[in-house]
Amino acid sequence: KGSSPDYVGHFETTVADLESKQPIAEFHLRKDKDKGKKRPKKRGKIGVQMILYKEHSFLDYIKGGCEVNLSIAIDFTASNGDPRNPRSLHYIGPGHANEYQKAIATIGNILTPYDTDNKYPVYGFGGRVKRTGQVEHCFPLTMNDYDPEVSGVGGVLQAYRSAFNHVLLSGPTYFSEVVATAAAKASATEFSSRGQAYHILLILTDGRFDDERQTVDQIVAASKLPLSIIIVGVGNADFSAMHRLDGDEVRLKSSTGETAFRDIVQFVPFREVKTPELLAKETLAEVPHQFKSYAKLKNTPPLDAKFDLNASEGKLPILVHTPSIHAIQRSSS
């Protein structure tokens with residue numbers, strides 16, 4: 001008791017060797033000075049039982065039947081510029097696609113294949129809605145509170161164009177309400193061995209927003225839900241606040257000091273990504289990892305996975321674990 005542990009010996013092996021000798025692989029312990037000896041000293045042996053845990057990918061869950069539900073929120077604040085002005089980010093002219101339209105078409109075509117029903121709720125924020133006369137921070141572009149969904153990317157673009165007949169650009173820019181709306185949908189979603197659904201909120205904005213504290217609080221609260229948030233920066237404004245929300249370097253903390261359970265935000269500056277291939281890569285860069293971190297939190301494999309959770313002590317098969325020591329027998333000397 002209290003003395004340093006004795007070095008008994010060591011052995012070397014490979015994963016292939018371990019697999020070939022299962023259920024228990026036994027190895028004789030050796031010391032370096034035993035090399036070359038015809039009858040090396042017996043130093044004991046060690047038995048190793050190896051358990052390989054399969055790492056399920058994002059696509060494994062999709063193929064297994066997990067539903068991905070996409071929601072879209074578009075910035076209707078005055079900082080985008082008067083839609084009648086060709087310099088506006090919202091300008092819609094003959095033969096001209098503005099940056100919002102380009103972002104909707106390009107990123108929509110990246111994300112929509114994962115949403116199998118091809119229907120997406122589309123919201124606006126920061127606009128003065130004519131039917132109420134109020135600035136609203138999460139209003140359906142369909143102008144139907146009971147049915148905010150449209151069909152396909154074409155439906156999103158049509159709802160966006162039509163919205164200018166019903167909405168005036170205004171402000172301020174608040175994200176917290178659209179995040180709360182997406183979080184409410186995600187919190188009502190089942191993610192278990194019986195059924196699985198995951199939500200992606202796509203926010204298109206020109207940059208600055210005015211409720212950072214409230215937005216961070218909503219994101220931290222949503223970090224335990226089946227939700228990812230992709231923020232696409234349109235235009236060339238200062239996007240430093242978006243990088244803070246991304247949380248890659250510093251995990252977000254709420255106003256009460258609670259740390260986000262996982263990173264759920266990805267920021268993509270639309271103008272800086274030059275090719276569709278790179279845009280697809282940037283848009284989906286973090287979603288698979290965010291998805292798997294939630295699946296790990298819920299301890300849930302894909303719906304069709306042929307995997308016995310009880311055999312792995314209830315742990316989700318995410319990593320290849322190191323071999324566990326089954327028995328050690330030390331020779332008496």
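Mentor: Start with T112, which touches L70, Y120 and V153, leaving out residues up to four places away in sequence. Touching, or contact, means heavy atoms within 4.5 Å. This is a predicted model, where local features need pLDDT of at least 70, side-chain atom pairs count only at pLDDT 80 or more, and totals for chains, interfaces and linings use all residues. Residues are numbered from 1 along each chain as its sequence is written, and side-chain values use heavy atoms, with hydrogens and water left out.

Trainee: Is T112 buried or exposed?

Mentor: T112 sits in the loop between α3 (99-111) and β4 (119-125). Buried means under 20% relative accessible area, exposed over 50%, and partly exposed in between, with a 1.4 Å probe and protein chains only. T112 has 12% relative accessibility, so it counts as buried.

Trainee: How many helices and strands does the protein have?

Mentor: Both are DSSP runs: helices are H or I with at least four residues, strands are E with at least two, and numbering starts from the N terminus. On that basis, the protein has nine helices and 13 strands.

Trainee: What share of the contacts join residues at least 24 apart?

Mentor: Take the contacts in the protein between residues at least 6 apart in sequence. The share that joins residues at least 24 apart is 72%.

Trainee: Which strand joins β3 through eight bridges?

Mentor: β3 covers residues 67-75, and seven of its nine residues are buried. Two strands pair if DSSP finds at least two bridges between them. In the partner strand, L204 is the bridge partner of I74. That partner runs parallel to β3 and covers residues 197-205: it is β10.

Trainee: Over at β12, which residue is the bridge partner of I229?

Mentor: Five bridges join β11 (residues 227-233) to β12, and the two run parallel. The chain crosses from β11 through α7 (residues 240-246) to β12 in a right-handed β-α-β crossover. The partner of I229 in β12 is V265.

Trainee: How many residues of β12 are buried?

Mentor: β12 covers residues 265-269 and is mostly covered. V265, F267 and P269 are buried on one side, Q266 and V268 on the other.

Trainee: What is the volume of the largest cavity?

Mentor: On a 1 Å grid over the protein atoms alone, a cavity is a set of points where a 1.4 Å probe fits but cannot get out; lining residues have an atom within 4 Å of a point. Grid points are joined across faces, edges and corners, and a volume is the space filled by probe spheres set on the points. The count comes to one cavity of 30 Å³ or more. The volume of the largest cavity is about 40 Å³.

Trainee: How far apart are the C-alpha atoms of D263 and L252?

Mentor: D263 and L252 are among the residues that line the largest cavity. D263 lies in the loop between α7 and β12, and is buried, with a relative accessible area of 18%. D263 and L252 are 11 residues apart along the chain, and their C-alpha atoms are separated by 7.9 Å.

Trainee: Where does P172 lie?

Mentor: Most residues other than glycine have a negative phi, and most peptide bonds are trans. The peptide bond from G171 to P172 is cis, with omega near 0 degrees. P172 lies in the loop between β9 (167-169) and α5 (176-187).

Trainee: What is the phi of N118?

Mentor: N118 lies in the loop between α3 and β4. At 37% relative accessibility, N118 counts as partly exposed. N118 is not a glycine, yet its phi is positive, about 60 degrees.

Trainee: What is the relative accessibility of N299?

Mentor: N299 is in the loop between α9 (287-298) and β13 (324-329). Its phi is positive, near 55 degrees, in a residue other than glycine. N299 counts as partly exposed because its relative accessibility is 29%.

Notes
A crossover is right-handed if, with the strands pointing away from the viewer, the path from the first strand over the helix to the second runs clockwise. On a 1 Å grid over the protein atoms alone, a cavity is a set of points where a 1.4 Å probe fits but cannot get out, and a pocket is an open set with protein on both sides within 12 Å along at least five of seven lines; lining residues have an atom within 4 Å of a point.
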